[in-house]
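Q: I would like a close look at one part of this model, the packing of a pair of helices, with some of its surroundings for context.

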Amino acid sequence: MTLPGKLSDWKDRIMNLEKLRNEHPIHWQLANAIRFLSAQAVHGAASGHQGMPIGMADVATVLFRRFLKFDPGAPHWPDRDRFILSAGHGSMLLYALLYLTGHRDMPIDQIRAFRQLGSRTAGHPEYGHASGIETTTGPLGQGLANGVGFAMAEAALRARFGRSIVDHFTFVIAGDGCLMEGVSHEAMGLAGHQELDKLIVLWDDNGITIDGPVSISDRTDQIFRWEAAGWSVSACDGHDPDEIGQAIAAAMEESRPSMIACRTRAAWGVEGVEGTAAAHGYAIKDGELDQMKKAYGWESPDFKVPDDTLRLWQEFGARGAKIREEWERNLKRAKPAIRREFDRVTAGQTPGKLAAAIRRVKRSVADDQPMSATRKSSQVALEAITPIVKEAFGGSADLTGSNNTRTSGMEPFCPSNRLGRHVHYGVREHAMAGAMNGMALHGGVRPYGGTFLCFADYARPAMRLSALMGLPVTYVMTHDSIGLGEDGPTHQPVEHLAMLRATPNLNVIRPADSAETAEAWEIAISATRTPTVLSLSRQSARTLRTQYARKNRTRLGAYILARSSGRCRVILMATGTEVEVAMDARGILQDKGIGTRVVSMPCWEIFRSQDEKYRRQVLPAGPVRVAVEAGGRLGWDEWLSGERGNHRRSAFIGMDSFGASAPSKALYEHFGITAGKVADAALALL
């Protein structure tokens with residue numbers, strides 16, 4: 001196999017239609033089923049991407065026909081190979097494969113309903129819509145980063161449970177756009193360093209983007225780039241079944257991750273469209289579709305695959321049942337304790353001892369009443385959690401000592417120690433988040449990773465997909481306000497809490513002290529369909545919950561931390577380290593004879609989900625309201641003016657600008673986030 005040359009000589013080197021038809025007649029029919037289902041579905045929707053599924057049909061056919069280990073009759077079988085379409089715009093490639101191989105939830109009616117409201121065949125693959133869709137892709141490069149996480153989870157579980165129970169590959173189809181996105185650089189560097197030998201990337205090397213040839217915007221030598229990152233790299237004619245098969249077979253024998261550059265032509269065989277920028281989208285319409293049928297000799301009606309071709313595809317799907325059944329026999333032969341543990345972690349169930357461990361931490365907090373940064377309180381909680389939740393898989397983006405994500409019993413996960421459970425991600429926030437999504441999707445591990453809250457900006461695209469897919473990923477975001485001090489406004493998050501809270505299906509928990517931090521971890525590590533952001537402080541906070549309480553009060557989202565003495569005239573609301581400020585302001589107001597309640601609001605999303613009766617008990621009509629948080633105001637009016645509040649009788653103490661470089665205490669004084677300012681705001685409203 002030779003490496004790709006210049007775009008100008010591709011036609012001389014790429015297989016032509018007649019040669020493929022004559023030399024590989026069975027493959028020809030199988031691949032054409034993908035091509036025409038894809039072209040017809042996009043034409044029916046008058047929307048979508050035809051070129052990529054047509055161009056990569058040969059690669060996908062060889063992969064599913066000869067190599068991929070899967071069973072449509074048991075699509076969630078834990079030891080199946082994973083197939084990820086990182087180039088999610090080519091979604092019809094995946095949907096066609098699922099239909100052809102016999103996935104029951106992908107009938108032909110779903111292919112006809114491509115991109116229609118309520119269909120399983122969304123414009124880009126969406127996890128949960130149908131079995132066989134391993135992850136949501138479309139934002140380019142995300143599937144590649146997910147694939148790294150899938151492979152890391154496989155390696156960790158293989159080391160823990162043995163090859164007879166865990167031994168499978170992750171295959172990723174990526175396009176030029178995936179490789180241009182910055183996350184690809186982070187992901188490939190991480191995978192190469194980790195020597196993830198069960199990860200194989202198939203690059204759709206078609207040399208075209210929406211704007212035109214790749215050459216108008218990029219000159220990167222991808223072969224050398226991937227080799228430099230520690231990958232095994234090869235190339236093949238993406239329309240030659242023999243070359244494709246040889247490349248995949250060789251990659252599966254490698255001791256490091258592999259990238260195969262598959263030279264293809266987008267919309268291959270469609271005159272006037274093939275290899276052009278138009279091929280990326282919807283360019284094959286009535287006339288072009290007629291010409292394509294003639295070029296390929298396709299005579300079947302629209303959305304009708306010839307019976308013999310469909311039967312062959314379904315046989316490829318059905319043969320996986322025997323492999324799965326043998327795997328099930330292997331699992332049954334394992335020791336009962338191993339089998340129970342494997343079933344528990346792959347089902348996403350937390351150990352029964354977790355709640356008791358959290359209660360012990362809370363009792364210790366009540367007894368010792370530490371003055372502790374919540375990032376340190378987080379590590380204390382993890383010290384209790386990680387020995388029990390053995391699937392907890394942590395890490396940090398080069399900030400381990402600051403994020404406090406590593407506990408005393410955790411060794412690094414690396415090529416020489418796959419039993420390690422802490423990952424040194426390097427300065428790769430985006431790849432870390434994308435890989436954690438892959439781990440959560442794979443199952444069997446509970447990923448969490450740390451960075452500074454301000455650097456959620458770097459991880460944001462993958463965090464959004466965590467929420468969209470409903471993945472129980474935990475983001476440990478420390479240094480969560482101007483309280484981080486001297487590092488200054490570049491590192492001080494002001495708008496980040498509002499940005500994260502605006503994300504649907506994302507729990508943002510900002511605990512006030514060590515007790516709330518332990519409770520927050522219990523929520524995060526037990527989650528099943530919701531990711532969690534733990535917003536943690538650099539600066540110390542005193543213990544506010546001085547009496548032990550068995551109940552997880554953070555699970556209420558918000559609660560009355562301190563009741564008023566006498567009639568309640570003021571409600572002070574706060575999160576995180578500013579709850580302490582609110583408590584001190586309460587003391588000032590109570591000394592003046594003004595009944596003041598303090599409401600700790602560690603998680604708005606959870607509080608919002610409580611019934612109105614409880615919310616009314618916490619935030620009744622009548623008293624004036626003051627909220628305090630060392631961030632922007634955006635979002636707070638839901639609680640100040642809504643929920644029986646009144647905008648004329650409410651105020652916010654926080655940030656309306658970026659921060660500054662100075663010690664934490666000086667910054668709080670400078671920006672007016674003090675107990676005195678909070679008390680003054682309440683008095684002015686009265």
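How are H17 and H18 oriented to each other?

A: In this predicted model, the axes of helix H17 (residues 354-368) and helix H18 (residues 374-385) come within 9 Å and cross at roughly 140°. Angles over 145 degrees would count as roughly antiparallel, and H17 and H18 are therefore oblique to each other. The crossing in which H17 passes H18 is right-handed. On the H17 side the contact is made by Leu354, Ala357, Ile358 and Val361, while H18 contributes Val380, Ala384 and Ile385. By class, this contact of H17 with H18 holds seven nonpolar residues, with no polar and no charged ones.

A second pair of helices can be described in the same terms. The axes of helix H3 (residues 25-45) and helix H14 (residues 307-318) come within 10 Å and cross at roughly 90°, which makes H3 roughly perpendicular to H14. Here Ile26, Gln29, Leu30, Ala33 and Ile34 of H3 make the contact with Thr309, Leu312, Trp313 and Phe316 of H14, and the residues of this contact divide into seven nonpolar, two polar and no charged.

As for the surroundings, the largest pocket has a volume of about 660 Å³, and of the 35 residues that line it, Tyr127, Thr346, Ala440, Leu441 and Gly443 are the closest to its centre. Helix H16 (336-346), helix H20 (429-442) and strand S11 (446-452) each supply at least two residues of the lining of the largest pocket, and that lining divides into 17 nonpolar, 12 polar and six charged residues.

Technical notes. Residues numbered from 1 in each chain as written. Predicted model: local features only at pLDDT ≥ 70, side-chain atom pairs only at ≥ 80, totals over all residues. Heavy atoms only, no water. 1 Å grid on protein atoms, 1.4 Å probe; cavity = no way out; pocket = protein on both sides within 12 Å on 5 of 7 lines; lining within 4 Å. Points joined across faces, edges and corners; volume = space filled by probe spheres on them. Helix = DSSP H or I, 4+ residues; strand = E, 2+ residues; numbered from the N terminus. Nonpolar A, V, L, I, M, F, W, Y, C, P; charged D, E, K, R; others polar. Axes fitted to C-alpha atoms, helices over the stretch in contact; angles between N-to-C directions. Parallel < 35°, antiparallel > 145°, perpendicular 65-115°, else oblique. Left-handed = near helix turned anticlockwise from the far one by under 90°. Contact = heavy atoms within 4.5 Å.
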